[in-house]
Amino acid sequence: MLTGKQKRYLRSLAHHLQPIFQVGKGGMNDQLVRHVEDAIEKRELMKVSVLNNCLEDPREIAGELASRSGSELVQVIGKTIVLYKESTDNKQIELP
């Protein structure tokens, strides 16, 4: 579980990132979760955007995506989700 200070730090790092994946009208699926797991292992911090044609709530998608991928939910702002997971091989981010 991340502390408030750690979340603030991660939000500042994620500010300049572009979303890597998009959740469309198909919603969540196993393939998306698998791709997120692979990408977050390499990057540690990433953004996912929820498109306007997606009928599900971005907060629900964020919670489900974080739990299924084993990552921490840093922030949901509008239709953008920020996820963090400490990498085992490519550790780049040192949390305060």
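Gln 6 counts as buried in this predicted model, because its relative accessibility is 15%; buried means under 20% relative accessible area, exposed over 50% and partly exposed in between, with a 1.4 Å probe and protein chains only. The model being predicted, local features need pLDDT of at least 70 and side-chain atom pairs count only at pLDDT 80 or more, whereas totals for chains, interfaces and linings use all residues. Residues are numbered from 1 along each chain as its sequence is written, and side-chain values use heavy atoms, with hydrogens and water left out.

Gln 6 is placed in helix H1, residues 4–14; helices (H or I, at least four residues) and strands (E, at least two) are DSSP runs numbered from the N terminus. Neighbours within four places in sequence aside, Gln 6 is in contact (heavy atoms within 4.5 Å) with Met 1, Leu 95 and Pro 96. A polar atom of the Gln 6 side chain lies 3.4 Å from the backbone oxygen of Pro 96.

Within H1, the residues Gln 6, Leu 10 and Ala 14 are buried. They lie on the same side of H1, because they cover an arc of only 70° around the axis, the arc being that of the directions from the helix axis to the C-beta atoms. The cover over the buried residues of H1 includes S2, strand S3 (72–77) and S4. On the face of H1 turned away from the buried side are the exposed residues Lys 5 and Arg 8.

The largest nonpolar core has 19 residues, and Met 46, Val 48, Ile 81 and Leu 83 have the most contacts inside it. A nonpolar core is a set of buried Ala, Val, Leu, Ile, Met, Phe, Trp, Tyr and Cys residues joined through side-chain atoms within 4.5 Å. At least two residues of this core come from each of strand S1 (21–23), helix H2 (30–43), strand S2 (45–50), helix H3 (58–69) and strand S4 (80–84). The most is given by H2, with 5 residues. Apart from this core lies another, of 8 residues, including Ala 14, Leu 45, Val 82 and Ile 93. In soluble globular proteins, nonpolar side chains tend to be buried together.

Residues up to four places away in sequence not being counted, Met 46 touches Leu 17, Ile 20, Phe 21, Val 36, Ala 39, Ile 40, Ile 81, Val 82 and Leu 83.

Glu 44 lies in the loop between H2 and S2. This residue is buried, with a relative accessible area of 0%. The phi angle of Glu 44 is near 75°, a positive value in a residue other than glycine.

Technical notes:
A polar contact is a pair of N or O atoms within 3.5 Å; within protein, one must be able to donate a hydrogen and the other to accept it, and residues adjacent in sequence count only if both atoms are side-chain atoms.
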